[in-house]
Amino acid sequence: MDKPKSEKTITIKINGKDRPFQEKKEEMQEAWDPRKLDRQKKQEQTEFFASIQTAAGKEADDSFDWILPEETEDADIKEYKIAAPPKSPAKNGLSTLAKKFQGKNKQGFLTSIFLAVFFAVLLGTSFGFIMLKLVFTDQTAETVAPPIKETPAVSNQQAPAAVAELETLTAYVVQGGVWSNSEAAQQVQEANSQKGVYSQSLKIGEQTFLFLGVSGSLDQAKEIGADLKSKGIDVFAKEFAFEGKAIEGLNAEEKKLAEIAPALYQSLSEGAASASLGSSIAPETAQEIKKHSKSVNELQADHIQNKSLTSIREELSNASKQIATYQQAGDSASAGKIQEHLLAFLAAYQSLLQSDGQ
């Protein structure tokens, strides 16, 4: 058999008095009837609520006691102050300073005076610095005078066009022939080159001349020609004249060169003949070569713009150097170089006569 369930007791406390209510359930001795069970529960509930209402009615006049904490004289009441928001750090400047003055003086009178004085001092100081700077600048400008730029003399400044009066140049040459056809003269020139002999072609008018050497006299030219004939080259000595002419459109340096060139050539041709014949150069001839060479070397090369005169200067200078080399060494190679440079000089001189200074 099942054990009876434990009884449940409900306690209600009103005005400090316990009002117990015990719900007792009787064990069913008879067979279980749902309808009877429901009626029994409803009856018990009705009796329970009726007892509560009856108790409430009886004690309606009873009052509830409110229990409050007792106040004591020593009890301290704490005061809580509302914390003010943190103050932002003061900003420096005229606006902050002006606000402080406005806080102390609502009329703004002191603020206006202060600002007026401050700006007056600031403006006066700035103006004073500007004027002081201008004064020092003026004094410096007066003390240190700017350097005077002198226009340097232009070294390349050329004088007005000059005219060079060239006299007739007489040359004693060893000639290899004359042709109306320049191609034929070129063929003979190449043949002489294969035999180790230098030759120079000059076109004068409608004819082309072939020269193999120069000399200071006709006799020396014949001696040089005889030596060349021994090598199987058909030559003959002759006097050849380059007619003088006035060359226009030259500057001062070019004019000096054109006038010095014939005299230097004459002394160089005498030395060249002596070198070709294996003889020593006469002291008088060497002195003339040195004097005229110095005059040519003293000319400013950058002022010589005429192409023919530029070639003339180069060939005369190189011939002078070869003369000096021959005097020191006395070799035949230097003698041959002298003849080459002087023959090239004659070609450049003829070109100058035909160019009219252009």
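**Ring pairs, a helix crossing and a buried asparagine**

Author: The structure holds seven aromatic pairs, a pair being two rings of Phe, Tyr or Trp (its six-membered ring) whose centres lie within 6.5 Å. This is a predicted model, in which local features need pLDDT of at least 70 and side-chain atom pairs count only at pLDDT 80 or more, while totals for chains, interfaces and linings use all residues. Residues are numbered from 1 along each chain as its sequence is written, and side-chain values use heavy atoms, with hydrogens and water left out.

Reader: What makes the pair of phenylalanine 209 and phenylalanine 240 edge-to-face?

Author: Planes under 30 degrees apart count as stacked, over 60 as edge-to-face and the rest as tilted; the ring centres of phenylalanine 209 and phenylalanine 240 are 5.3 Å apart and their planes stand at 75°, so the pair is edge-to-face. Phenylalanine 209 belongs to strand E6 (residues 207–215) and phenylalanine 240 to strand E7 (residues 236–242), so the pair ties together parts that are 31 residues apart in sequence. Helices (H or I, at least four residues) and strands (E, at least two) are DSSP runs, numbered from the N terminus.

Reader: Why is the pair of phenylalanine 345 and tyrosine 349 called tilted?

Author: The planes of phenylalanine 345 and tyrosine 349 lie at 35°, with ring centres 5.7 Å apart, so this pair is tilted. Ring pairs link Phe209, Phe211, Phe240, Phe242, Tyr265, Phe345 and Tyr349 into a cluster.

Reader: How do you know that helices H6 and H9 are roughly antiparallel to each other?

Author: The axes of H6 (residues 252–276) and H9 (residues 332–355) come within 9 Å and cross at roughly 150°; these axes are lines fitted to C-alpha atoms over the stretch in contact, and angles run from 0 to 180 degrees between N-to-C directions. Angles under 35 degrees count as roughly parallel, over 145 as roughly antiparallel, 65 to 115 as roughly perpendicular and the rest as oblique, and H6 and H9 are therefore roughly antiparallel. Residues making the contact (heavy atoms within 4.5 Å) include Tyr265 of H6 and both Phe345 and Tyr349 of H9.

Reader: What makes asparagine 192 count as buried?

Author: Buried means under 20% relative accessible area, exposed over 50% and partly exposed in between (1.4 Å probe, protein chains only); asparagine 192 has 5% relative accessibility and therefore counts as buried. Asparagine 192 sits in helix H4 (residues 182–194) and, leaving aside its neighbours within four places in sequence, is in contact with Val197, Ser199, Leu210, Leu212 and Ile233.
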